[in-house]
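Have a look at the model, then read on.

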Amino acid sequence: FQSILFASLLGLMLVFVSPQLTSPACNLNQDSWNLARESYWKFRSASVHGNSSEWEGSDDIRSHMEELFTFTLFFCPLSIVELGVREGWSTRAFAAASKAVGSKMVGVDISPYCEDAYSRFVGESSGDCVVADSVEWAESYRDFARDNGFAEEVDLLYIDTSHFYEHTKRELRAWEPLLARRAAIILHDSHLPSSLRYTRRDGSQGVCWDNERGVARAVQEFSGHLYDESQPYAAQASQATGPAESPGWSVVHNPLSC
């Protein structure tokens, strides 16, 4: 249940955690921690695509960089796959933590902007971004990993792509066989408020895109955890109450916004 405590730090996310989740000791020394924190604040304040504004763009994931950064430090993944990069806010959080724990990162996005984000924040020796469909490219991951010296199994999978129900289910099905026995999946936009409005942690407001609960529906069918997505939820695998396409996952959900 250690994993649930770590995952509950995440807001606006739904987090799967596998049963085999005893975390290896990262053995972070003070120098590693200082490097990670320094990188985090540097990346956080960097502009997007060379423009001047520090918080430009509409990417609401930027409100959760701290939680992504902290979770990665605690979880100590050897490999991170990021499905959906966009302007690179989540990339920055993972990349900063990876400087301390030594993770390798792979981003997958249909936009070539992801290559710029990975070049700026991850670096060629630590990761790469592939311009491809997140479902179709899953079949190529192991070959890519072998060719580039990355782990062939994925420890941490992050999904922030279309949010469509069918596409999210296909992503979960495609990537689950590639996960390590000790693995976590983080999905953004797991809650769709009835008002379609949300408040970020800095107090600013935004409007949710009505994806007809695509992420929540896909996750509940996949995991068997049937919960009220408007309320916080944390349960071990044995507490799932519905039929599951892939039983054995513990789930944490925090409905801070959409």
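A disulfide here is a pair of cysteine sulfur atoms within 2.5 Å. What you're looking at is a predicted model, where local features need pLDDT of at least 70 and side-chain atom pairs count only at pLDDT 80 or more, while totals for chains, interfaces and linings use all residues. Residues are numbered from 1 along each chain as its sequence is written, and side-chain values use heavy atoms, with hydrogens and water left out.

Searching the whole structure turns up one disulfide. Its partners are Cys 114 and Cys 129, with an S to S distance of 2.3 Å. The angle about the S-S bond is -115 degrees, making the link of Cys 114 and Cys 129 left-handed. Cys 114 sits in helix H5 (residues 113-121) and Cys 129 in strand E4 (residues 127-131), so the bond ties together parts that are 15 residues apart in sequence. Helices (H or I, at least four residues) and strands (E, at least two) are DSSP runs, numbered from the N terminus.

Buried or exposed: which applies to Cys 114? Buried means under 20% relative accessible area, exposed over 50%, and partly exposed in between (1.4 Å probe, protein chains only).

| Residue | Relative accessible area | Class |
|---|---|---|
| Cys 114 | 1% | buried |
| Cys 129 | 5% | buried |
| Glu 221 | 34% | partly exposed |

Glu 221 belongs to helix H8 (residues 214-223). Skipping its neighbours within four places in sequence, Glu 221 is in contact (heavy atoms within 4.5 Å) with Tyr 165, Lys 169, Pro 243, Ala 244 and Glu 245. Glu 221 and Gly 242 are 21 residues apart in sequence, yet 7.9 Å apart in space, C-alpha to C-alpha.

Now for the inside. A nonpolar core is a set of buried Ala, Val, Leu, Ile, Met, Phe, Trp, Tyr and Cys residues joined through side-chain atoms within 4.5 Å. The largest one has 33 residues, and Leu 68, Phe 69, Leu 73, Phe 94, Met 105 and Leu 156 touch the most other members. Elements supplying at least two residues each include helix H3 (65-75), helix H4 (89-101) and strand E5 (154-159). H4 gives the most, with eight residues. Apart from this core lies another, of 30 residues, including Trp 137 and Trp 249.

Zooming out, the chain has eight helices and 10 strands. Of its 258 residues, 55% count as buried.
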